[in-house]
Amino acid sequence: MVVSQRSNNVATVVTIENLKDYVDQEVTLQGWLYNKTGKGKLQFLQVRDGTGICQVVVFRGNVSEEDFDAGKQLTQESCLRVTGRVKAEERAPGIPGGFELDATSLAIVQIAEAYPISPKDHGVEFLMENRHLWLRSSRQWAVMRVRATVVSAIRDWLDEHGFLNVDTPIITPSAAEGTSTLFEIDYHGEPAYLAQTGQLYNEANIFAFGKVYCFGPTFRAEKSKTRRHLQEFWMVEPEIAFCNLEQLMEVEEQFVSYIIQRCLTDRAAELQVLERDLSQLQNIAPPFPRIHYDVAVDMINKAAAAGELVPGYDDPVPAIEWGDDFGSPHETYVAAQFNKPVFVHHYPTQVKAFYMEPDPDRPEVCRSVDLLAPEGYGEIIGGSERMSDPQKLLESIHRHELPEEAYDWYMDLRKYGSVVHSGFGLGVERTVAWVCGLGHVRETIAFPRMLGIMRP
Ligand code: 4AD
Ligand code: MG
């Protein structure tokens, strides 16, 4: 397949998302053919350039004979360069739509071979195997654009609220979120692990910088396939000195509300492509409801006794024993009782990580908080107040059968100026799934890593 260097009459090269600034002017678009219709003297080319899709109208009377024939040869995903006049046309299809290009010249860059992903429906397995091509489809394109906005909203809010970005290592010598999901690697003959979290290092960093965040990929060797779990996912983790559990929840609700509102303003066209019901997102603003784990357990068990179904599923709400962690039907049921994300706080100490501060009056529960998103998206944030007392922390390390010598530096943090401090981790993929209204996190990252899937 030859890539042609032939150039047509080139005007100012612009992108589709900026067409609104060039109405009635002559411009050049460069992109790929998404679809085409037309007959006789007229061809309608749907051209995408990475920033949107624009309808290009090729009328035989307006272009040379050679260029008109070039248009006819274009197959799906063929690459072209086209020059023409921008017309504001309310009914013009496209993303964002409303503008079309009246072609005056057109050149083929490459004619694509028969493209495996046609506009018809394909199975997910096939699409996942062709993820490198699937990303060009308009829904996948929209999801990745929303993701980019989630990421920049995260950084903007934290940067504007006094948090310093200090990133933490990916190669680590010890576990932080349980030993069952560690990915082990060989560090020059020593065992090492891919980071499950940056939190322990964040805790060191707050004593140097006050309020910090790390933001990067994290790794969990999750042994089960669910629609909420990836092996590699991105997590932003803010950590704050002189902050207790109640203050932490206030930070979280401001932060999450900002992310949602930014997506609504900056990604309206993409959310429309995804046919997202915006009314579910528009009301996301502080304060979020807060309920104790005990209350959540009561709610679940009352629903189970009454034979209620998990919203969106045919299965009844399963009962839960006090002290157990929630399964995803429990989270879905609890979250469905509210039209905003809900904080569930004071989980049983036995189901949470070793570093969480126990409730001083009731040590069987801890000063932890999960944020559950509405509409069945489940836990998007996990966080807590951290243990600040050196003696209690050492006991917890022993209780969890963790190797004491691997945590000596972490113990130091409790010796030199220990303070009440708290932090949380927000999972980017689950947040994007919620914003976009997707049934599975696999579509929220360009190249997902899932159990048994590592290609492409
Ligand atoms: O609740 P988690 O495990 O919390 C921590 O890692 C803490 N150290 C964070 C902190 O306090 N600094 O994970 C936090 C979030 C979850 O709420 C979820 O959104 C996401 O990370 N997450 C996953 N996302 C996709 N796939 C997985 N396997 C995930 N595991 C956690
Ligand atoms: Mg969690």
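**Exercise 1. Find the bridge partner of threonine 172 in E11, then place it in its sheet.**

Step 1: Threonine 172 is bridged to tyrosine 193 of E11. This is a predicted model, where local features need pLDDT of at least 70, side-chain atom pairs count only at pLDDT 80 or more, and totals for chains, interfaces and linings use all residues. Residues are numbered from 1 along each chain as its sequence is written, chains are lettered from A and ligands numbered from 1 in the order in which they are written, and side-chain values use heavy atoms, leaving out hydrogens and water.

Step 2: E9 and strand E11 (residues 190–194) run antiparallel and are joined by two bridges. Strands pair if DSSP finds at least two bridges between them; strands (E, at least two residues) and helices (H or I, at least four) are DSSP runs, numbered from the N terminus.

Step 3: The open sheet has three strands in the order E9-E11-E10, with antiparallel pairing. Its edge strands, E9 (171–172) and E10 (184–187), each pair on one side only.

**Exercise 2. Work out where histidine 188 lies and what its phi is.**

Step 1: Look in the loop between E10 and E11 for histidine 188.

Step 2: Its phi is positive, about 50°, although histidine 188 is not a glycine. Most residues other than glycine have a negative phi.

Step 3: Histidine 188 counts as exposed (over 50% relative accessible area; buried is under 20%, partly exposed in between, with a 1.4 Å probe and protein chains only), because its value is 75%.

Step 4: Now try glutamate 375, in the loop between strand E16 (368–373) and E17. Its phi is also positive, near 60°, but glutamate 375 is partly exposed, at 35%.

**Exercise 3. Is serine 384 buried or exposed, and what does its side chain contact?**

Step 1: Serine 384 sits in strand E17 (residues 378–385).

Step 2: It is buried, because its relative accessibility is 0%.

Step 3: Its side chain makes a polar contact with that of arginine 386, at 2.8 Å. Such a contact is a pair of N or O atoms within 3.5 Å; within protein, one must be able to donate a hydrogen and the other to accept it, and residues adjacent in sequence count only if both atoms are side-chain atoms.

Step 4: Beyond four places in sequence, serine 384 touches (heavy atoms within 4.5 Å) several residues, including Leu248, Tyr355 and His421.
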